[in-house]
Amino acid sequence: MKFQLRHSIFVIKTNPYFCPMAPTTALSFNLLGQDLLLLPQKAIYWQQEKALIVADVHLGKVGHFRKAGIAVPRDMEQNDLAVLSDLVDEYKPEKILFLGDLFHSDKNADWDWFVLWRRQFPKLQLMLIRGNHDIIHDSNYIDLDVSLHDELTIGPFLMLHHPLTELALKNAAGYVFCGHIHPGINLTGRARQSVTLPCFAFGDRQVVLPSFGKFTGRVAIRNLQTDRIFAVLQNKVIAVR
């Protein structure tokens with residue numbers, strides 16, 4: 001799978017692609033004998049492991065920008081955590097795998113929201129694969145019983161934050177799940193309408209997940225003809241290729 005940055009869209013309003021009150025439709029996808037549900041909330045539920053997989057939540061980004069004097073709605077952090085709570089209530093996972101960039105920057109007031117959220121699910125196993133934005137001291141996560149990893153192999157899958165190059169993938173210890181680049185697929189209509197939707201991008205050896213957090217951009221990726229691309233619409237996931 002090769003990725004080439006084409007353009008990005010920066011969003012600073014409530015995510016238009018998911019309405020928590022509306023019914024949603026997951027898309028079933030079997031990979032290496034494992035049953036995955038691709039969710040319109042931009043997450044994956046792995047049925048055999050009873051695990052939610054999410055990438056690039058970027059909690060704390062709102063507080064980071066507000067601290068810099070940039071006007072951002074205060075409730076965006078709570079909205080992301082509310083969506084995560086809804087997924088936990090619906091799918092009853094035993095664990096959540098965060099593929100990096102759980103918290104955006106240095107510790108700020110938004111961390112308190114995450115602490116309150118964690119207390120609602122004390123028995124839920126939380127596992128964080130470190131990303132480039134995960135710079136908060138490890139003790140903060142350990143105090144919340146969040147395990148920390150640079151990489152993690154579970155079954156046939158290798159959990160990372162950064163996508164691997166084609167060369168590195170040949171020696172990878174499993175099929176790679178990753179995030180980091182906030183992938184999107186650009187769709188063009190007959191009248192030259194154009195929209196970039198978040199997407200799940202499955203290549204021969206790795207999948208890149210869309211960013212879970214609402215306060216993030218997304219980048220249209222150039223993909224190979226053999227890749228499987230699933231676009232995230234308002235309340236469902238569809239196969240583009």
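Colleague: How many disulfides does the model contain?

Modeller: A disulfide is counted where two cysteine sulfur atoms lie within 2.5 Å, and in this predicted model the count by that rule comes to zero. As for the cysteines themselves, Cys178 is buried with a relative accessible area of 0%, and Cys199 is likewise counted as buried, at 0%.

Colleague: Which residues of helix α3 are buried, and where do they lie around the helix axis?

Modeller: An α-helix has 3.6 residues a turn, so residues three or four places apart point the same way. In α3, which spans residues 110–120, the buried residues are Asp110, Trp111, Phe114, Val115, Trp117 and Arg118. Seen down the axis of α3, these buried residues fall within an arc of 165 degrees, so they line one face of the helix, whereas Arg119 and Gln120, on the other side, are exposed.

Colleague: Where is Gly203 placed, in terms of the strands, and is Gly203 buried or exposed?

Modeller: Gly203 sits in the loop between β13 (194–202) and β14 (206–208), and Gly203 counts as buried because its relative accessibility is 10%, where the cut-off for buried is under 20%. The C-alpha atom of Gly203 is 6.5 Å from that of Arg228, although the two residues are 25 apart along the chain.

Colleague: What is the average pLDDT of the chain?

Modeller: Where pLDDT is low, the predicted coordinates should not be read in detail. The chain averages a pLDDT of 82, and 77% of the residues score at least 70. Over residues 2–21, however, the pLDDT is below 50, and this stretch has 64 contacts in the model beyond near neighbours in sequence.

Key:
Residues numbered from 1 in each chain as written. Predicted model: local features only at pLDDT ≥ 70, side-chain atom pairs only at ≥ 80, totals over all residues. Heavy atoms only, no water. pLDDT = per-residue confidence, 0-100. Contact = heavy atoms within 4.5 Å. Helix = DSSP H or I, 4+ residues; strand = E, 2+ residues; numbered from the N terminus. Buried < 20%, exposed > 50% of the residue type's maximum accessible area, 1.4 Å probe, protein only. Arc of directions from axis to C-beta.
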